[in-house]
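User: I would like to go through this model with you, contact by contact. Could you take my questions as they come?

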Amino acid sequence: NQLHCPDRELRHPCVKELRSYLEDKANPSVKASALECIDDVLGATADYWELKNMTHLLLDLDTVDHVFDSDNRDNEFISAGLRFAEKLMQHP
């Protein structure tokens, strides 16, 4: 269960928090910590590579969590990945 493509080095924050979430999904404080980290980065960064890598990281969680294969795709992490993608598309 990798959090990103192992064939390249990616620069992104929140890996520790996301890994903790994947290891303990039933813990609401772990989930809140991961989402807080994601929101903080989204609000603070304008760096192209950080936006790109966070988009990849968050949308790649589906390979671990498989939310796209379920009936309910209303997932905070996927939504966050889409918000990073939107900000990335607006990047100069």
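Analyst: What follows covers the fold, the helices and the side-chain contacts.

User: Before that, what are the ground rules for the numbers?

Analyst: This is a predicted model, in which local features need pLDDT of at least 70 and side-chain atom pairs count only at pLDDT 80 or more, while totals for chains, interfaces and linings use all residues. Residues are numbered from 1 along each chain as its sequence is written, and side-chain values use heavy atoms, with hydrogens and water left out.

User: How many helices and strands does the protein have?

Analyst: There are 5 helices and 0 strands, and the order along the sequence is α-α-α-α-α. Helices (H or I, at least four residues) and strands (E, at least two) are DSSP runs, numbered from the N terminus.

User: And what percentage of the residues count as buried?

Analyst: Of the 92 residues, 40% count as buried. Buried means under 20% relative accessible area, exposed over 50%, and partly exposed in between, with a 1.4 Å probe and protein chains only.

User: Which residues of α1 are buried?

Analyst: Helix α1 spans residues 15-23, and its buried residues are Val 15, Leu 18, Tyr 21 and Leu 22. Viewed down the axis of α1, they fall within an arc of 125 degrees, so they line one face of the helix. The arc is that of the directions from the helix axis to the C-beta atoms. Lys 16 and Glu 23, on the other side of α1, are exposed.

User: Switching to aromatics: how many pairs are there?

Analyst: The count is 2 aromatic pairs. Rings of Phe, Tyr and Trp (its six-membered ring) pair if their centres lie within 6.5 Å; planes under 30 degrees apart count as stacked, over 60 as edge-to-face and the rest as tilted.

User: Why is the pair of Tyr 21 and Phe 77 called tilted?

Analyst: The ring planes of Tyr 21 and Phe 77 stand at 35 degrees, with the centres 4.5 Å apart, so the pair is tilted. Tyr 21 lies in helix α1 and Phe 77 in helix α5 (residues 76-89), so the pair ties together parts that are 56 residues apart in sequence. Tyr 21 is buried at 7% relative accessibility, and Phe 77 is buried at 3%.

User: What about Tyr 48 and Trp 49?

Analyst: Tyr 48 and Trp 49 form an edge-to-face pair, 5.0 Å centre to centre with 85 degrees between the planes. Tyr 48 is partly exposed, at 34% relative accessible area, and Trp 49 is partly exposed as well, at 47%.

User: Trp 49 came up there; what happens at the N-terminal end of α3?

Analyst: Asp 47 caps that end of α3, with a side-chain oxygen 3.2 Å from the backbone nitrogen of Trp 49. A polar contact is a pair of N or O atoms within 3.5 Å; within protein, one must be able to donate a hydrogen and the other to accept it, and residues adjacent in sequence count only if both atoms are side-chain atoms.

User: How many salt bridges does the search find?

Analyst: The search of the whole structure finds 2 salt bridges, each being a side-chain nitrogen of Lys or Arg within 4 Å of a carboxyl oxygen of Asp or Glu. In one of them, Glu 76 meets Lys 31 at 2.6 Å, N to O. Glu 76 lies in helix α5 and Lys 31 in helix α2 (residues 28-44), so the pair ties together parts that are 45 residues apart in sequence.

User: Where do Arg 83 and Asp 39 lie?

Analyst: The side chains of Arg 83 and Asp 39 meet in a salt bridge at 3.1 Å, N to O. Arg 83 lies in helix α5 and Asp 39 in helix α2, so this pair ties together parts that are 44 residues apart in sequence. Arg 83 is partly exposed at 33%, and Asp 39 is partly exposed at 41%.

User: Finally, which residues form the disulfide?

Analyst: Cys 14 and Cys 37 form it, with sulfur atoms 2.1 Å apart; a disulfide is a pair of cysteine sulfur atoms within 2.5 Å. The link of Cys 14 and Cys 37 is left-handed, with -95 degrees about the S-S bond. Cys 14 lies in the segment before α1 and Cys 37 in helix α2, so the pair ties together parts that are 23 residues apart in sequence.

User: Are these cysteines buried or exposed?

Analyst: Cys 14 is buried, with a relative accessible area of 4%, and Cys 37 counts as buried at 14%.
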